[in-house]
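Subject: Structure handover, salt bridges

Hello,

The structure is below for your records. My notes on its salt bridges follow.

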Amino acid sequence: QHTHSRAHRLILKGEQTVEIFRGHAAKMTSTRDAALHPCGTDHAALRAAAGPISSRKTPSLPEFILILSVMLLVPVQPASAHPQCLDFEPPFKPPWHLEFCTQYEQFGCCDQKMDNMIAERYWDIVEQLEVAGLELCSDMLKEIMCQQECSPYAAHLYDAEDPYTPVRELPGLCFGYCSEFHGKCRHVVRYLTENQLLQDTAERDVSTFCSVADLSDQDYCYPNVLKSPDLNTNLGQVVEDPRGCLQLCLTEVANNLRNPVLMLHSGDDTHRMFIAEQVGFVWVYLRDGSRLEQPFLDMSGEVLTTPWLGDERGFLGMAFHPKYRDNGRFFIYYSIQVNSKLEKVRISEMKVSDYDMNMADPYSEVILEIDEPAANHNGGQLLFGLDGYLYIFTGDGGKAGDPFGKYGNAQNLLGKVLRIDVDGSDSSGRQYRIPLGNPFLGDPDARPEVYAYGVRNMWRCSVDRGDPVSRYGRGRIFCGDVGQNRYEEIDIIVKGGNYGWRAKEGFECYDIKLCHNSDILPIFAYNHHVGKSVTGGYVYRGCESPNLNGLYIFGDFMSRIMALEEDKTTGSWKERSVCMGDTKTCSFPGLINRHHKFIISFAEDEAELYFLATAHPSAMSPYGTVFKFMDPSRAPPGKCKQKPLPVKVKGKKFPFVPKESVTVLDTNEKPTRPPPRKFKLTTKPPVTSSQVKATTAAASVMTRSTSAPKWKSPDNKERKKNKLKRRRKNKDRNKKEAAKARAKKKTLQQKSRVKSEKTTVIKSFSDKDKVKSKANQTATNNDAPKASNSLNDNSIHTKKRKRAQQQIRPEKNSV
């Protein structure tokens, strides 16, 4: 009884396994499939593809005993937890207290609205049981009803995690609980399902019913699923593997990009994402994942880059003005070559087109140019701080050991963090102003643009948006600074800070002669046994993955994703190991647990976190892909809904087609539909074949009047829909009444014409018959013209008159 669940399924799922089970067991298995899976016929093609059962070889009894003995020798493994709801999504923590299914208010699959709907249906059923004078079985009824929508393991209880099998209509029950349920509450089954086979099976003996309601995986049957510590420990938290690594999943959002170096949003509530390629193209991606045919910006004719593997030059940075929605301004950072010799990095200002919100005006204005003495260490980050100023992060000029700089605040702008005000110009002809708070504004030996110094080559920085509730950490600037030979580091940028290069690398001295204790140390550093080139990331402040809130997630260019967690009491940071989830963890539709090796950059939309990676780090290589982080848990439904502003698209759109192989379920694959959520509740038990069926029209009317209406949720949309239906019904009734009035008027006119023509016709019927025909004409309304025509015929042929009267009388009775 306690063999591993997989082995248990091998024995129980195939009635063809053993000769001695082929009689009663085969019959019971087919009954069970038909009862619990009413739409099993829809999957006949899948079963046929797998091959006929009868064609498989049945082992003999000695062979079966040998197989079973080997299975029993396999050590029992604990159940591998994989919470999953019936909508094939991860469970979540409800935002509010649950009044009915209270055992799932900490973590489950239903919110307060669904909890209220279950409670409403529950009390409807209890009322029906009271009317019928049956045992209420309120406790067991409540337990079973809460499993379908609220249990974090609902997909397992209803056998829905397999997309190739139908979904059960009752949760899988453990045999002991099933026996108790059958003994006390089998009459409740008719109120839980409309499946006639399930209802009939419930009226039979306990072994028959429980063989149908049984779940082969005893770890997940109810109520064992609630008692297993392996399934219920740390529910709702990020899954950790045995090494303590936080398991995350991914979903693919864009592909076929040539070394994507950045992705950002414009902050105008359109929820568009702008993805820049190293070669100089910037593409617009809409919220539905589609890409516009024409690029937002094409700088490929001016950007300096080559197809060399690992070339650091190209289109490197971009930032939208905080008031982009109003002024349409944005700024770019890219490599150029002057006269085919001198290399520089240029920061330019551009604007969006006046005629198309998805295209930039091709004209630009140069803000700043910095000479680059070597091809590497070009920096490339642009961002706006919460103070509204533009921050520029430059490299040290290239080569090893900073040969082009001088320790301290030199006169050049290499290896610095610059801060400028782009909302004005000064008298010296610069296209920007120096903020009054810059730390070296009055120092004659320093450039006034410098905000911090002593950096080597900061690659990817970000602004912390702060905790969504407390706003803790808001405005901090995190950067990843690429090291020389031994260490990579993460820094928090402060005003006037000296970050030590070239005196220090990480926490260690690089140049002993220059090494001082006044330098600002990194919050974290790792050696080159872990990685070779840091890629700065973001502090997660999103909505969809609440377990990641507050983690600084970053990576290394050489295929490693990492995370830091802050101790708020001391201000120190410690590493939290992050890895891709195993197959069990990421078994949800559209999720993957692998990515390309080279991690180029991290990105953030209005809420969620992404990273950009490629399989071949060349500016011309079209293997770049954008991935979105997905916590195996999730936020409550409706919490993260956003209403983007409309986007006017003038050209074509290319729909997104994922290319990465998914873990279990394909993105476009629709799993088996869950059981219906609306139920018919009647005051009487369903009619069986032994009961007499009503045959008269009056009986059918009485049956309809005594049946309770369909149970529906008290939704505003539903009420509005019903209101519109009533209005349409009243309108149709008024039209019908007007049509009846017109028909009656027309009948009277025809009658008067008939009387005028009767002077030449023999009277063949009495006045009494005339009165009857008039009554029949009035009663039949829309058939009045036909009745008048039959009178004309009857004036000549009396037999036809009698036949017409016989046709009119049944119509009157039916009305």
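A salt bridge here is a side-chain nitrogen of Lys or Arg within 4 Å of a carboxyl oxygen of Asp or Glu. The model is predicted, so local features need pLDDT of at least 70 and side-chain atom pairs count only at pLDDT 80 or more, while totals for chains, interfaces and linings use all residues. Residues are numbered from 1 along each chain as its sequence is written, and side-chain values use heavy atoms, with hydrogens and water left out.

Searching the whole structure gives 25 salt bridges.

Asp269 and Arg325 form a salt bridge with the closest N and O atoms 2.3 Å apart. Asp269 sits in the loop between β2 (260-265) and β3 (273-277) and Arg325 in helix α14 (residues 324-327), so the bridge ties together parts 56 residues apart in sequence. Helices (H or I, at least four residues) and strands (E, at least two) are DSSP runs, numbered from the N terminus.

Asp288 pairs with Lys653 at 4.0 Å, N to O. This links the loop between β4 (281-285) and β5 (291-292) to strand β28 (residues 653-654), 365 residues apart. Asp288 is exposed at 55% relative accessibility, whereas Lys653 is partly exposed at 42%. The classes are buried (under 20% relative accessible area), exposed (over 50%) and partly exposed (in between), with a 1.4 Å probe and protein chains only.

Arg329 and Glu349 meet at 2.6 Å, N to O, and both are buried. Finally, salt bridges with shared partners join Glu302, Lys344, Arg346, Glu369 and Asp371 into one network.

Regards
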